[in-house]
Amino acid sequence: MSNFTLESFTVETNDGVKLRTRVFKPGGDVKDDNLAIVLVHPYSILGGSQGLLKGIASGLALNGYTAVTFDMRGVGRSSGRPSLTGFAEVKDVVAVCKWVSQSLSLHRVLLVGSSAGAPIAGSAVDQIEQVIGYVSIGYPFGMTASILFGRHNKAILQSPKPKLFIMGTQDGFTSVKQLKNKLNSAAGRVETHLIDGIGHFQMEGPGYDAQMVDLIVKFIASL
């Protein structure tokens, strides 16, 4: 069993917010020494934090990949305050990805967003040249969620970069039909992976971490 190491850092955004960041590094065989997987946590205002992504990040490190989690502004030990629509948080994603490239010398980034972290990460994808692909876990495309996050949708749907959307078929925020309708217009390579009978928060829970790791690893192999 290979292990991993965990280190904490502080990353500063271009508007002066300090973000608490954790780096999960593989202890054994490194699969790709130029790639980092940056994970963006669920909605700050509903209690989202990097701790929710610890299982996936450690699983990726055990599989030989460097994974990075961080608390967005106003969460945990990060300074600043959270925004309602997640646009300020896009700066957080950009800052962490640039820091990964400059400070960790990892020049390819896979962005993974969970729940509200998916539209936030999606808005950042084309702002960061190092990003080579994008994975969404439970993207909130539905009507109610779109009141808050709808203005992010265009960025990821128009991005030419490869995308994987993972969703439970019983997701309360987005129906399978809504997901398919949105992705019909998407540019570039788009893949979906539906998990039968599973709800939004269930899929975000630790019981599905290993499956998320597996899907992310397979997606990396296909890039």
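## Basis and overall form

Two strands count as paired if DSSP finds at least two bridges between them. Helices (H or I, at least four residues) and strands (E, at least two) are DSSP runs numbered from the N terminus. This is a predicted model, in which local features need pLDDT of at least 70 and side-chain atom pairs count only at pLDDT 80 or more, while totals for chains, interfaces and linings use all residues. Residues are numbered from 1 along each chain as its sequence is written, and side-chain values use heavy atoms, with hydrogens and water left out.

The protein chain has seven helices and eight strands. Its C-alpha trace spans about 40 × 40 × 30 Å along the principal axes. The radius of gyration, taken over C-alpha atoms, is compared with a globule rule of 2.2 Å times the number of residues to the power 0.38. For 223 residues a compact globule would come near 17 Å, and the 16 Å of the protein chain agrees.

Buried residues (under 20% relative accessible area; exposed is over 50%, partly exposed in between; 1.4 Å probe, protein chains only) make up 54% of the 223 residues. Contact means heavy atoms within 4.5 Å. Of the contacts between residues at least 6 apart in sequence, 71% join residues at least 24 apart.

## The sheet

The eight strands form an open sheet with mixed pairing, in the order E1-E2-E4-E3-E5-E6-E7-E8. Strand E1 (4-12) and strand E8 (190-195) stand at the edges with a single partner strand each, so one side of each has no neighbour in the sheet. From one strand to the next the twist averages 20°. Axes here are lines fitted to C-alpha atoms, for helices over the stretch in contact, and angles run from 0 to 180 degrees between N-to-C directions.

E1 and E2 pair in the antiparallel sense over nine bridges, and Ser8 has Arg22 in E2 as its bridge partner. Five residues separate the strands of this hairpin, where Gly16 takes a positive phi near 85°. Strands E5 (residues 108-114) and E6 (residues 131-137) run parallel and are joined by six bridges; the partner of Ser114 in E6 is Ile137.

## Helices

Helix H5 (residues 176-184) lies across strand E7 (163-168) and E8, running at about 175° to E8.

The expected span of a helix is 1.5 Å times one less than its number of residues. For the 14 residues of helix H7 (residues 209-222) this gives 20 Å, and the end C-alpha atoms are 20 Å apart, which agrees. Buried positions in H7 include Met212, Leu215, Ile216, Phe219 and Ile220. An α-helix has 3.6 residues a turn, so residues three or four places apart point the same way.

## Two buried residues

Thr13 lies in the loop between E1 and strand E2 (18-26) and counts as buried at 5% relative accessibility. Beyond its neighbours within four places in sequence, Thr13 is in contact with Leu19, Arg73, Lys91, Asp92 and Ala95.

His152, in helix H4 (residues 143-158), counts as buried at 0% relative accessibility. Leaving aside neighbours within four places in sequence, its contacts include Thr85, Phe87, Pro119 and Tyr139. The C-alpha atoms of His152 and Ala121 are separated by 9.0 Å, with the two residues 31 apart along the chain.

## Aromatic pairs

Rings of Phe, Tyr and Trp (its six-membered ring) pair if their centres lie within 6.5 Å; planes under 30 degrees apart count as stacked, over 60 as edge-to-face and the rest as tilted. By this rule there are eight aromatic pairs. Tyr139 and Phe141 have ring centres 4.0 Å apart and planes at 20°, so the pair is stacked. Both Tyr139 and Phe141 are buried. Ring pairs also link Tyr134, Tyr139, Phe141 and Phe165 into a cluster.
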